[in-house]
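Hi,

Here is the model I promised to pass on. Please have a look at it first, and then read my notes below.

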Amino acid sequence: MFMQMAVTGLVLGSIYMLVASGLTLIYGIMHQVNMAHGVFFMLGAMATYYATEVIGLPYFVALFAVVLVFPIIGAAFERGIFRNIRHIWLAGYMATVGVWMLMEGLGWQVFGTEQKAVSFPITGLIRLPGGAVLPANKLWVGLIAIAIMAGVYYLVGRTALGRQLRAVEQNPRAAELMGINADRAMAKGFALGVTLAALAGGLVSTLYSVDPSCGSTPMLKAFIIIILGGLGNVTGSVIAAYILGFIDSFGGSLLGYQAGHFMGFGLVILILIFKPSGIMGDE
Amino acid sequence: MRISLKSIGMTVKLLAIVALSAGLIMSPAMTGGVQAEVKKLKILSNNPFSGKAASWGFSQDRGVGLAVDKVNQAGGIKINGETYMWEKIQCDNRYIPADAVSCLKRGVAQGAKFMCTLGGAVTKPQIPLINKDKIVTIAAIAGGADFTNANNKYLFRTMPSADLTIAIEGIKIYKKLGVKKLVLLTADNVLGHSDAKTLKNALKVNKMSDILVAEEFVPIDTGDFTPVLTRVLAKNPDHIEGGAWPAAGLALLIKQARELGYKGTFTNLSGAPKVGPLVKIGGKKNVEGVIMLRLWPPDQLPTQAFKDYWAEYRKLYKQDPGANSWESYMAFMHLSAAVEKAQSLDPDKIVAVMRDLKIVSLLGELQLIGKDNPLLPGYGINNQYTSPLPVTVLKDGNPIIYK
Amino acid sequence: MSLLEIKQVVAGYGPAVALHGVSLSLEQGERVSLLGANGAGKSSIVNVVSGLLPVRSGEVWFQGERIDGWAAHRIVGLGISQVPEGRLVFPKMTVWENLELGATSLKDTVQKSQLLEQVFELFPRLAERHKQMAGTMSGGEQQMLAVGRSLMSRPKLILSDEISMGLAPLVVRDIYDTLLRINQEWGVTLLMVEQEAKLALEVADSCHLLESGRIVASGPADEMAKSELVRKVYLAED
């Protein structure tokens, strides 16, 4: 049972990390919460569903299409809505909540009420020592999540675009004096965050089910993660994602869902009492 | 300062746009079949149209909607020589109790005297208002006498309660399957907890309490059951009762249990999930043999009226109807007939007529039971609809009647 | 044609007007300093040139191109770079990353690495510490980084704002020496805002004195140093 709990914790942690990555990035660059994050997760899942199950594209081709299309959607959303209001925290919050509610409600009209499934091309069950089992699709989604996260690290940490994004985050005025178009850099960062959300939707939807509300729960989990990790800190959110994965796995298996959940949130609150800015947050 | 003021202005504009567009989208649904010069009777559809329970909400809303159209097309109903047309107004409660209460208040303000709603969790907080304002309500709820009792005169239950499903049919099925170690793994809401209460009571009455080895409650929007399954499977159960999962939840529960090596059987006796998504999400092989109530196999429909209903629903919505739809359809037809028979809009007169009125509907004779019925302890009032209840099992991805 | 020409510029922040019709011009290779009390409008002038502060009326011309109304990030590409007040290095990035960012407007990677070498030669300290986080360096080192970073865009005109602020006199002297060297060797024109009047008069060829958003006196630095007004008020001599 221990082995199973450990494996489940790792898988859940990887999934949580992937969902939180885009949110962390957008918060990190803009210091603004995007309550519509779950909408892009859902749209990514829906896009993958329609591309594979309706149009009949191979799964990975569909994912690639998501990577191509969602930067455009993200940039349009940033230009049309987010840019005008990002200066005011509450306005950004309210407007993105509005988009969330609107899109979710619209989703039930447009996509219908039937819950949908996207199948992952790799199936089967991997038997691990200690009697644990790991479905192959979960293993692959977890590995892809880790690869995507490594990609995010490289992009933010090592590329010119990443440097520009961090410069804008640390001081948009100084960034302008370097010749960086701060607005455009933020749009790129936002588009990247949206694409990560959609990609997470396309991957995670193969493990669970797809409906117009399927982004809400992952998004709320992602919010816990970015607060626990230290707002905007990518490494912090990775650590927090795995902490939460292990809490959910060990707590759920050892104590049952309710007690596990209670203990888990207790632990989160405890960490925040001693480190209010989160695990890797600035004091 | 200048910048912030300007941005606030833009935000307000933006929110206005969002609100306006939301209004535009909702408005066709809000106004229903508008006909001038005719008196209207409004029924509030207080249902989840978003969130994990949305499929139930749409199912009930469409059932009532089809019934409303049916009555209106036949010329409405006549009370004291005046013609009344039904109008359905929708409000999305997202399956959140507080939202359902606001929806009810809004509906009352809009002049609704009748309501359809569903889910014990969201119906419970509405009960004081339903009683106070005498809103004649048809509701799909599974909980027992805590909903249907002599104090709740205006609340009529469209679906069979857990007393009829889990306590009577469930025990029969468990005995037939020879269940030795039963796990209840159900939703962490009023419905789930009430199912658990009913199940434990029924096991006790039947001297089978020792077969229940674990009970767990998880949120209705759970995607990953692996942790909690790891816990309950350690007890080596041979049967898992899901209670009232919607399709996706049940499908994922079964799929993940199978992945963890569970070989036993499943029932989901309180809810009636759609078969299509259940098979698609859970995988045909995994869901084989799952036993459910309130599901009619499309090729084994018992009456012509029901076949017609099935066909019309399919034509309109491109999918098979769910149990909530026909149960609500029948209940509304009964309610409408009672209003006409009462020749009055006085809720007390209407509900008095309803309790004794029998009509022939989709599945044959439809009536209300509950009073002096030994199978329904504590009900004390005829507020439970009853109609033939099929037990079905999934075979090769299709439901067939369970023998 | 002057390198930089400011004509009758009015600018301000919110309801406050910081510049009431200021005009001045700089020739290629000149070193000009702006003198004045706090709030006289010195920083506003450099911010107008770099594009951080929009003009309300008037014109700014650089190398025959009218640039008022341009976004700051575009102006950098013309060859105007600012060493901002308070240095504004990116604290959570390394010295090397800060310098790389300074070269954002350059496309030529060969030119970039040449510039980096030149900056490291001017400030050996930065070479030693190129992997260090900028925020962990001393104030003097950060100011060197700010100057070095501004050189990375291969500027024709450097706008420096309060270089001496909060730094030890020796360090300040060092940095100005480097700026003068850049002026001599690279031919970069300097427009300097300096609170320390003595220093301002020493490092510049010519000087403008500002009061309440207006230029009240201009002239060669040595003449200005002798003027009654400057001596009394800004050099605090009797």
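Let me start with the interface: 40 residues of chain A and 46 residues of chain B are in contact, where contact means that the C-beta atoms of two residues, placed from the backbone, lie within 7 Å. On the side of chain B that touches chain A, the elements giving two or more residues are helices H1 (2-31), H2 (54-73), H8 (226-233), H9 (247-259) and H10 (275-282), plus strand S8 (212-218). H1(B) gives the most, with 12 residues. By class, this side of chain B holds 23 nonpolar, 13 polar and 10 charged residues. For the classes, Ala, Val, Leu, Ile, Met, Phe, Trp, Tyr, Cys and Pro count as nonpolar, Asp, Glu, Lys and Arg as charged, and the others, Gly among them, as polar. Helices (H or I, at least four residues) and strands (E, at least two) are DSSP runs, numbered from the N terminus.

A word on conventions: this is a predicted model, in which local features need pLDDT of at least 70 and side-chain atom pairs count only at pLDDT 80 or more, while totals for chains, interfaces and linings use all residues. Residues are numbered from 1 along each chain as its sequence is written, and chains are lettered from A and ligands numbered from 1 in the order in which they are written.

B:Leu316 is partly exposed, with 13 other C-beta atoms within 10 Å. Its C-alpha atom is separated by 36 Å from that of B:Arg258, 58 residues apart along the chain.

Now chain A as a whole. Chain A has 11 helices and 2 strands, in the order α-α-α-α-β-β-α-α-α-α-α-α-α from the N terminus on. Its radius of gyration is 19 Å, close to the 19 Å that the globule rule gives for 283 residues, so chain A is as compact as a globular protein of that length; the radius is taken over C-alpha atoms, and the rule is 2.2 Å times the number of residues to the power 0.38. Of those 283 residues, 57% count as buried.

Two helix pairs may interest you. In chain A, the axes of H2 (residues 37-54) and H3 (residues 59-85) come within 9 Å and cross at roughly 135°. Axes here are lines fitted to C-alpha atoms, for helices over the stretch in contact, and angles run from 0 to 180 degrees between N-to-C directions. The contact includes A:Gly44 and A:Ala47 of H2(A) and A:Leu63 and A:Phe70 of H3(A). By class, it has 8 nonpolar, 3 polar and no charged residues.

In chain C, the axes of H3 (residues 95-102) and H6 (residues 139-151) come within 7 Å and cross at roughly 35°. Among the residues making that contact are C:Val95 and C:Leu99 of H3(C) and C:Leu145 and C:Arg149 of H6(C). This contact has 4 nonpolar, 4 polar and 1 charged residues.

Best wishes

Technical notes: A residue is buried if 20 or more other C-beta atoms lie within 10 Å of its own, exposed if 12 or fewer, and partly exposed in between; C-beta atoms are placed from the backbone.
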